[in-house]
Amino acid sequence: GTCVTLVTRKMEYMVPIIEAKGRFKYERIGAPQPAEMARIAADRAIEMVQEVEANVIPFFKEAAAKLLDSCDGDAEVALARALAKITGYKEMRARSLLTAHDDCTTLLFAADHTIEYAGAVWGYLRKVLRLEESVCEQIKRMTLTADNKGAVFDAPSELVPQILKAAEAACADKDKGKGISLTAPTALPELKPREDAGSSGG
């Protein structure tokens, strides 16, 4: 069978202890993302649509024609909008891979050298990217990766373009950006048990 364990931040330190006692390794799975959930909902919606009896269709043809006209005759767009609406999706909001909090985006700092402490990542954000302190204060849950060559953290989604733009500019500088990258991953790497050292490190 498969063992599923839900862990709060305060209990994260127990994970390696359980692994050592049980002589196995957990696979960490990030929070479901809106895009993934939308795809699943869309597949279910298709099944529901296929359940509609043929004698019902004529009653909806006029409305379907109006919907098609409202989408400039693009049947794919019209159908996609209809599926989104019936599955409850009017907008797509970012969600943290770490906590599933809405309007937060998880970013991955990766380096080609060993990162011993989260302070090194904070130094990169402040000194290399030159992010304002008001921005750094909103970065949360800094967690090192298990291979000690990176870290993940959450940032307000509205600030992510600004942070990534600063990282792109730094990477263009061979002296500042050599061997370092900052991206928005679609899945979490293996992480070290997180030590609660405050939200803004340093």
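Analyst: Strands here are DSSP runs of E, at least two residues long, numbered from the N terminus. Keep in mind that this is a predicted model.

User: Where is Asp-154 placed?

Analyst: Look at residues 150–156. Asp-154 belongs to that run, which is strand 3.

User: Is Asp-154 buried or exposed?

Analyst: Buried means under 20% relative accessible area. Asp-154 has a value of 1%, so Asp-154 is buried.

User: Which side chain joins that of Asp-154 in a polar contact of 2.7 Å?

Analyst: Asp-154 touches several residues, including Ser-96, Gln-138 and Thr-106. The polar contact of 2.7 Å links its side chain to that of Thr-106.

User: What span should helix 2 have?

Analyst: Helix 2 covers residues 34–50, which is 17 residues.

User: Why are the buried residues of helix 2 on the same side?

Analyst: The buried residues are Pro-34, Ala-38, Ala-41 and Ala-45. They lie on the same side of helix 2 because around the axis they cover an arc of only 65°.

User: Which residue in strand 4 does Leu-108 stand opposite?

Analyst: Strand 1 and strand 4 run antiparallel, joined by four bridges. The uncovered face of strand 4 has Ser-181 and Thr-183. The residue opposite Leu-108 is Thr-183.

How values were computed:
Residues are numbered from 1 along each chain as its sequence is written. This is a predicted model: local features need pLDDT of at least 70, side-chain atom pairs count only at pLDDT 80 or more; totals for chains, interfaces and linings use all residues. Side-chain values use heavy atoms; hydrogens and water are left out. Buried means under 20% relative accessible area, exposed over 50%, partly exposed in between (1.4 Å probe, protein chains only). A polar contact is a pair of N or O atoms within 3.5 Å; within protein, one must be able to donate a hydrogen and the other to accept it, and residues adjacent in sequence count only if both atoms are side-chain atoms. Contact means heavy atoms within 4.5 Å. The expected span of a helix is 1.5 Å times one less than its number of residues. The arc is that of the directions from the helix axis to the C-beta atoms. Two strands pair if DSSP finds at least two bridges between them. Lists of a residue's contacts leave out its neighbours within four places in sequence.
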